[in-house]
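Dear colleague,

Please find below the structure that I am handing over to you. My notes on it follow directly after.

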Amino acid sequence: MDLELSKKQFDSTKESFLNIYALLIKRKAITKENLDCIFKWGAQLDIPREELNFILNNPDSIEFDRPKTKIEAVEQIYDLVYMIYLDGLVEDIELEVAMTYAEKLGFQRGIVGDLLKAIDSAPGDGIPREKVKEELKELLESSL
């Protein structure tokens, strides 16, 4: 399926990806399945495998930066879910990683499925996928 990302979307997604990777690395209990997700997502974002291996072998080279607001946290979860959706193949382990990350940020696991549905249904509803994130952000800001 390979969806195109704008420069802004790509930068946001890559930043969220690196933050997720940092959290997984810092847990020191990263599984082979987690690593498979990291390498798959890294390939989708054109991050060289050498860079990902360097981080894996040097966990102090990256820091987890906890989102400062609920809006930043949801944006990171959105970026992760969008990354899962990029290749059109949603794997159980990817959803598990996303749900674990959502919990670490203080959300219920179900937010991942809700975001996946929103991303998937946006084109059918006439909404560009990139607009979904903006609308989500506006909705959250109005409810705070």
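What radius of gyration would a compact globule with 144 residues have, and what does the protein have? Such a globule would have a radius of gyration near 15 Å, and the protein has 15 Å, which agrees. Please note that this is a predicted model.

Overall fold. The protein holds seven helices and zero strands. Along its principal axes, the C-alpha trace spans about 45 × 35 × 30 Å. Buried residues account for 40% of the 144 residues. Of the contacts between residues at least 6 apart in sequence, 74% join residues at least 24 apart. The accessible surface comes to about 8,000 Å², and 52% of this belongs to carbon and sulfur atoms.

Helix α5. Just after α5, G106 adopts a positive phi of about 95 degrees.

Residue N19. N19 lies in helix α1, which comprises residues 7-27. With a relative accessible area of 6%, N19 is buried, because the cut-off for a buried residue is under 20%. Leaving aside residues up to four places away in sequence, N19 touches E63, F64, D65, Q76 and Y101. With Q76 there is also a polar contact between the two side chains, at 3.0 Å.

Yours sincerely

Definitions and conventions. Residues are numbered from 1 along each chain as its sequence is written. This is a predicted model: local features need pLDDT of at least 70, side-chain atom pairs count only at pLDDT 80 or more; totals for chains, interfaces and linings use all residues. Side-chain values use heavy atoms; hydrogens and water are left out. Helices (H or I, at least four residues) and strands (E, at least two) are DSSP runs, numbered from the N terminus. Buried means under 20% relative accessible area, exposed over 50%, partly exposed in between (1.4 Å probe, protein chains only). A polar contact is a pair of N or O atoms within 3.5 Å; within protein, one must be able to donate a hydrogen and the other to accept it, and residues adjacent in sequence count only if both atoms are side-chain atoms. Contact means heavy atoms within 4.5 Å. The radius of gyration is taken over C-alpha atoms; the globule rule is 2.2 Å times the number of residues to the power 0.38. Accessible areas come from the Shrake-Rupley method with a 1.4 Å probe; for residues, only the protein chains shown count as cover.
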